Amino acid sequence: MLRTLFGLTMTHMRQSQLFTKTRREAPQGEVSKNAQLLIRAGFVHKEMAGVYSYLPLGLRVLNKIIGVIREEMNAIGGQELLLTTLQDPEVWKKSGRWSDEVNDTWFKTHLHSGEQFHSGSELGLANTHEEPLTALMRNHISSYKDLPKYAYQFQTKFRNELRAKSGIMRSREFIMKDLYSFSRDEEGFREFYERAAEAYLKVFKRAGLGEHTYRTFASGGSFSKFSDEFQTVCGAGEDTIYINEGRRLAINKEVYNDQTLSELGLRKEDLREERAIEVGNIFPLGTKYSAALGLTYKNEAGEEVPVVMGSYGIGPGRLLGTVVEVLSDEKGMVWPEEVAPFSIHLVQLGEDEDVKKEAEEIYRSLVEARVEVLFDDRTMRAGEKFADSDLIGIPLRVVVSQKTLAEGKCECVERASGTTHHRSLSELMSHLTT
RNA sequence: CGGGGCGUAGUAUACCGGUAGUACAUCUGCUUUGGGAGCAGACAGACCGAGUUCGAUUCUCGGCGCCCCGACCA
């Protein structure tokens with residue numbers, strides 16, 4: 001149960017020091033389950049419609065999710081970078097996407113203008129990053145020997161959605177992991193595309209959504225004939241998909257027709273309809289952007305040819321929200337181990353000196369063993385502590401009280417199943433390290 | 001962007017053209033301590049603007065904001 005830390009500076013925390021508080025009720029007008037629970041538990045704060053801040057506990061989960069994605073992207077050769085959110089319209093004009101008719105979700109702004117200023121130039125707030133990255137790569141790709149290359153980032157995207165909805169699932173400002181592949185040819189691109197698809201499935205599995213998530217055949221939009229989405233079955237989803245359970249794949253309703261069915265060798269009667277959340281999307285870009293922005297390389301014959309590109313996106317915030325939607329229960333959230341804010345919620349009941357001493361002892365042992373632990377050392381009644389603990393949803397709750405002290409063992413309750421074990425400190429420690 | 005609903009305290013609500021009330025939450029104190037306990041006290045509210053009126057939270061108009069359905073969705 002011990003695991004790698006993903007750049008987190010704190011492995012443990014006393015709940016009495018945590019500045020966020022839980023709330024009994026969700027705010028007025030908040031109907032989506034993910035927003036209700038995340039706000040009640042103090043994971044996020046809503047600034048305005050479609051704009052959410054991450055508070056300490058929510059940020060820990062977000063960072064865990066980012067860490068999982070980062071590991072899987074690195075494993076397939078991805079190299080992380082960080083592009084800018086302020087963007088130069090020039091590259092977008094070259095691809096034809098600066099126009100509001102083509103893309104109506106731009107947030108646009110401009111540099112200072114006026115007597116003391118000479119510019120007043122327009123700027124865009126990053127909507128996506130195909131254009132700037134393609135332009136940037138011209139500096140680094142010139143020969144077939146430079147290919148393939150894979151670059152990715154976790155960066156804020158701004159999209160002026162006509163209607164933000166579903167809590168944190170569709171917001172106007174959100175972090176996106178976007179990876180772009182640069183290959184010599186279609187064959188090289190295809191090979192990587194399949195590896196990326198595998199990596200995506202690993203990400204969703206590690207986030208606890210494996211059995212609910214299907215690679216889904218979808219429209220390629222304006223880029224190509226096809227693309228693949230990763231859809232997590234959930235009643236709160238915005239998409240409708242048709243699932244073939246045997247082959248673990250699905251078809252998005254938008255391309256659900258006889259032609260698609262025959263191309264995929266599927267029969268209508270083997271499919272079941274479900275609502276689903278799009279947690280990831282990968283798609284071929286071909287040479288659309290490389291041609292428009294002049295990203296070419298010399299092949300072995302010395303010919304100048306455009307780079308073949310692909311794009312691969314996951315929204316960590318949406319993934320976080322999806323985990324809440326899919327895995328929570330009536331008491332609160334239920335975090336899978338890999339993305340939980342902490343591994344253990346150590347709960348001390350009562351203020352008796354011997355109980356305090358025992359709880360501190362366990363806390364110290366867990367901290368020394370580098371187990372991520374949230375220690376509820378607050379002076380509160382048991383019922384409130386349990387309610388908070390259920391709401392926050394840390395995978396394992398370890399209770400220390402007069403009752404457990406008398407037994408010489410603490411009480412270990414799994415959040416997901418409710419399974420309870422009574423373990424001594426040494427039994428707990430060995431359980432955690434196996 | 002089309003359609004619908006709604007703005008009174010953190011939440012849920014009440015009353016009213018004349019000093020805005022209750023419950024829960026929150027905070028303080030005391031008691032309590034294995035599933036959101038009790039008692040006492042405290043904090044806290046009419047989205048904004050204009051108009052009508054002696055007087056507007058209430059009526060009228062405008063704006064802003066929020067939610068839902070649809071459309072859209074690299």
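Colleague: How far apart are the end C-alpha atoms of helix α2?

Modeller: Happy to start there, keeping in mind that this is a predicted model. Helix α2 covers residues 56-75, which is 20 residues.

Colleague: Which residue with a positive phi follows α2, and is α2 mostly covered or exposed?

Modeller: Of the 20 residues in α2, 14 are buried, so the helix counts as mostly covered. After α2 comes a residue with phi near 95°, and that residue is G77.

Colleague: Where does the largest nonpolar core lie?

Modeller: This core has 98 residues, and I65 and A207 are among those with the most contacts inside it. Its largest share, 8 residues, comes from α2. Residues come from both domain 1 (31-327) and domain 2 (342-433), so the core lies between domain 1 and domain 2.

Colleague: Which residues does I65 touch, leaving out those up to four places away in sequence?

Modeller: Good one to look at, as I65 is among the residues with the most contacts inside the largest nonpolar core. A207, also in that group, is one of the residues I65 touches.

Colleague: What is the radius of gyration of chain A?

Modeller: The C-alpha trace spans about 80 × 70 × 45 Å along its principal axes. For 434 residues, a compact globule would have a radius of gyration near 22 Å. The value for chain A agrees with that, at 25 Å.

Methods
Residues are numbered from 1 along each chain as its sequence is written. Chains are lettered from A and ligands numbered from 1 in the order in which they are written. This is a predicted model: local features need pLDDT of at least 70, side-chain atom pairs count only at pLDDT 80 or more; totals for chains, interfaces and linings use all residues. Helices (H or I, at least four residues) and strands (E, at least two) are DSSP runs, numbered from the N terminus. The expected span of a helix is 1.5 Å times one less than its number of residues. A residue is buried if 20 or more other C-beta atoms lie within 10 Å of its own, exposed if 12 or fewer, and partly exposed in between; C-beta atoms are placed from the backbone. The radius of gyration is taken over C-alpha atoms; the globule rule is 2.2 Å times the number of residues to the power 0.38. A nonpolar core is a set of buried Ala, Val, Leu, Ile, Met, Phe, Trp, Tyr and Cys residues joined through C-beta atoms within 7 Å. Domain bounds come from an automatic or database domain assignment. Two residues are in contact if their C-beta atoms, placed from the backbone, lie within 7 Å.
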